[in-house]
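Reader: I'm new to this one. Can you walk me through it?
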Amino acid sequence: MLIGEVARRSGVSARMLRHYESLGLVRPSGRTGSGYREYSGEDVRRIFHIESLRAVGLSLREIGRALDDPGFTPADLVDDLIRRTRERIAAETELLIRLNRVHATDPAGWEDVLQVLALLRALGSTSAGTRQRAALASVDEVPVEALAQAALGEGDPYVAGALRWALSRSGGGGAALLAEGLGSPVAAVRERAVRALAEMPGREAATLLRDALVSPDAVVRGRAAPALGARGEAAAIPVLVDMIVAGSNDTDAADALSVLAGDDTAADRIASLLVGRIGDGTTGQPARGRLTQALAGIPGATASRALADLVGDADRAVALTAAYLLRLRGDG
């Protein structure tokens, strides 16, 4: 079969067939009396094999190795193709995300496009200082999606603080994007998400923080509850009491409870919860001491009566703390 017929049947141009021959990928089995290349059926099958391997992304060099190296296994080939395909998809996905972010800023001209691209590159810089400067740029210039993604992945505390500041001033959409991080399998990402939400104003952030109160992650609950307490959200009270018992950020938890005890009903409820945990037989000595100290910030008769009862507690540290707090309240 001459080269023209092979080209017609295979769909591979005569020029490409000659290129394959120059690389040693295909060697015509013979020549006619006039010196023309003559391809056998086996040669044609090899050409189709080459085209198939090209279609799945192999270079001509890799194709030559796959065809001629007896030690080259199909598994190695497939593994390499999977790796390179994943890398290409990741790169193209990142490009698409970046382009969507530029589009979301509704750029008026090339200068706007270049400004946004520069800020997006800066947010991904290996330099913490560069990332921090990008976070502190005008929030109108940095897409909120980019800020949220950066905040969830940022390990440097100073850069993370700048990103949270920027998100708190970014307008709508940031809270929902951060909420995705609350379900992350990575504990550090969950903690960054709830910290950022705690600094965001608005009802949407408050709703998401209330949802975080039932998170199985104690760190998430411990970040959400004080933030909600500072906003006057009574839903945080049980978690705040649990934090005092556990000794986890207990000072902030006690401060939040004192904020929530703004009226007689709330004060009596909080005091009753604290007293109930003090009297719980399963509560250890250090926790009983922290619960007693927390009563200091709770006004009202219920807290005062509880402190008066605790003056006679068998635990001397609890008794002394209660007596001291009663004197400060003017009840002792």
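Reader: What share of the contacts with a separation of 6 or more comes from residues 24 or more positions apart?
Author: In this predicted model, such residues account for 50% of those contacts in the protein chain.

Reader: And how many helices and strands are there?
Author: The protein chain has 19 helices and two strands.

Reader: What percentage of the residues count as buried?
Author: The figure is 39% of the 332 residues. The protein chain exposes about 18,000 Å². Carbon and sulfur atoms supply 54% of that area.

Reader: Let's pick a helix pair. At what angle do helix 18 and helix 19 cross?
Author: Roughly 140 degrees, with the axes coming within 8 Å. Helix 18 covers residues 301-310 and helix 19 covers residues 316-329. That angle is why the two helices are oblique to each other.

Reader: Is the crossing left-handed or right-handed?
Author: The crossing of helix 18 and helix 19 is left-handed.

Reader: Which residues make the contact?
Author: Helix 18 brings Ala303, Ser304, Leu307, Ala308 and Leu310. Helix 19 brings Val318, Ala319, Ala322, Leu325, Leu326 and Arg329. Nine of these residues are nonpolar, one is polar and one is charged.

Reader: New pair. How do helix 14 and helix 15 cross?
Author: Helix 14 (residues 237-246) and helix 15 (residues 250-260) cross at roughly 145 degrees. Their axes come within 8 Å. The crossing is left-handed.

Reader: What residues are in that contact?
Author: From helix 14, Ile237, Leu240, Val241, Met243 and Ile244. From helix 15, Asp250, Ala253, Ala254, Ala256, Leu257 and Leu260. The contact of helix 14 with helix 15 has ten nonpolar residues, no polar ones and one charged.

Notes
Residues numbered from 1 in each chain as written. Predicted model: local features only at pLDDT ≥ 70, side-chain atom pairs only at ≥ 80, totals over all residues. Heavy atoms only, no water. Axes fitted to C-alpha atoms, helices over the stretch in contact; angles between N-to-C directions. Helix = DSSP H or I, 4+ residues; strand = E, 2+ residues; numbered from the N terminus. Parallel < 35°, antiparallel > 145°, perpendicular 65-115°, else oblique. Left-handed = near helix turned anticlockwise from the far one by under 90°. Contact = heavy atoms within 4.5 Å. Nonpolar A, V, L, I, M, F, W, Y, C, P; charged D, E, K, R; others polar. Buried < 20%, exposed > 50% of the residue type's maximum accessible area, 1.4 Å probe, protein only. Areas by Shrake-Rupley, 256 points an atom, 1.4 Å probe, with all protein chains shown as cover.
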